[in-house]
Amino acid sequence: MTDRLNRFLDRFEAFLDRAEPLLPGSAATTDWSASAYRWRVRQGIGQLEAVRHPHAIRLDQLVNVELQRDRLTANTRQFVAGRLANNVLLTGSRGCGKSSLVKAVWNEFRDQGLRLIEVEKTHLVDLPDIVELVASRNERYVVFCDDLSFEEGDHGYQALKTALDGSIAATSPNVLIYATSNRRHLVPEYFSENAQTQYKNGEIHFAEAVEEKVALSERFGLWLSFYGFSQDEYLAAVRQWLGEFGVTAWSEDTERAALQWAQGRGARSGRVAWQFARDWAGSH
């Protein structure tokens, strides 16, 4: 009986060895020739899905974010070169170039072995699996979490916090996390929590709820802040995008239309400038 059981276990183990590379999410089923991926979960199984037509925006297409561009480019250049680099949190006004800058920096270094993996907030619990999947690869990977924010009780909050710094396992040297958010601390902050902060003997003691929420953003080594555009900055972005779309003429009518467009949207940003330029170039 024992011999029969051992033979069965040997055969079953051999079967698993042959079947494992065929399972979704395994390294053998991933198209490693791609330069950008999405993490997809189907029927409870995650896998890297190659993006066939990535948004290849260029750094020179972005205006009014020169400081942020230079710092993110320098950090990414260190990473691609195999030197130490930081995880990055890009926060601030909506539409001012946070996600576009991440994609532009990836595009700048994609020919040097930089790969981009887009992960949705609901799948952040899979970060350890993603890191393990690419840890043995020679390429460098930026895990991109766009428009990130958490509500009370979100499981992804703790998963991201652990992945950044806090797991018993060391972080992989070929993986960084770049996240964008409209919230500086990624989670809602309430006045009642700040009211629990105490002042004793000249020292400020923050409430535990405040400390917990700040703890996540502090695990990003580099913070980059983005702000709404002034009128001149907005018009410069409009002219930049019009030039990209082949419209070189600029007149008072164009400027007036661009300002009215921004007024109708209630904001001046790179996204609003891009949207106006597309409309103007398409209609003229």
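E49 is partly exposed in this predicted model, at 24% relative accessibility. Partly exposed denotes a relative accessible area between the buried class, under 20%, and the exposed class, over 50% (1.4 Å probe, protein chains only). The areas themselves come from the Shrake-Rupley method with a 1.4 Å probe, and for residues only the protein chains shown count as cover. Residue numbers start from 1 along each chain as its sequence is written, and side-chain values rest on heavy atoms, without hydrogens or water. Because the model is predicted, local features need pLDDT of at least 70 and side-chain atom pairs count only at pLDDT 80 or more, while totals for chains, interfaces and linings use all residues.

E49 forms a salt bridge with R40. A salt bridge here is a side-chain nitrogen of Lys or Arg within 4 Å of a carboxyl oxygen of Asp or Glu. The closest N and O atoms of the E49 and R40 pair are 3.9 Å apart. R40 is also partly exposed, with a relative accessible area of 22%. The whole structure holds 10 salt bridges. Another of them joins E139 and R137, with an N to O distance of 3.0 Å. E139 is buried at 14% relative accessible area, whereas R137 is partly exposed at 27%.

R256 and D253 form a further salt bridge, at 2.9 Å from N to O. Both residues sit in helix α9 (residues 252-265), and because they are 3 residues apart there, about one helical turn separates them. Helices (H or I, at least four residues) and strands (E, at least two) are DSSP runs, numbered from the N terminus. R256 is partly exposed at 42% relative accessibility. D253 is partly exposed as well, at 48%. Elsewhere, salt bridges with shared partners link R40, R42, E49 and E120 into one network.

Charge also gathers on the surface. E66, D232, E233, E252 and E255 form a negative patch there. Patch residues have over 30% relative accessible area and no salt bridge; like charges are joined within 9 Å, and nonpolar side chains (Val, Leu, Ile, Met, Phe, Trp, Tyr) within 5 Å. Asp and Glu count as negative and Lys and Arg as positive, with His and the chain ends not counted. Each charge is placed at NZ of Lys, CZ of Arg, CG of Asp or CD of Glu. Helices α8 (231-244) and α9 each contribute at least two residues to the negative patch. E252 belongs to α9. E252 is exposed, at 63% relative accessibility.

The strands give another picture. In β3 (residues 88-92), 5 of 5 residues are buried. V88, L90 and G92 lie on one side of β3, L89 and T91 on the other, and both faces are covered. Strands are said to pair if DSSP finds at least two bridges between them. β3 runs parallel to β6 (residues 175-181), and 4 bridges join the two.

β4 runs parallel to β1 (residues 36-42), joined by 3 bridges. R38 stands opposite E118 of β4. A parallel pairing with β5 (residues 140-145) involves 5 bridges. L116 has V142 of β5 as its bridge partner.

Several single residues complete the account. N64 has a positive phi of about 70 degrees, although N64 is not a glycine. N64 lies in the loop between β2 (45-50) and α2 (66-80). Its relative accessible area of 22% makes N64 partly exposed. T73 is in helix α2 and is buried, at 10% relative accessibility. T73 and W106 are 33 residues apart along the chain, with 9.1 Å between their C-alpha atoms. K121 is partly exposed, with a relative accessible area of 33%. K121 and L160 are 39 residues apart in sequence, and their C-alpha atoms are 9.3 Å apart.
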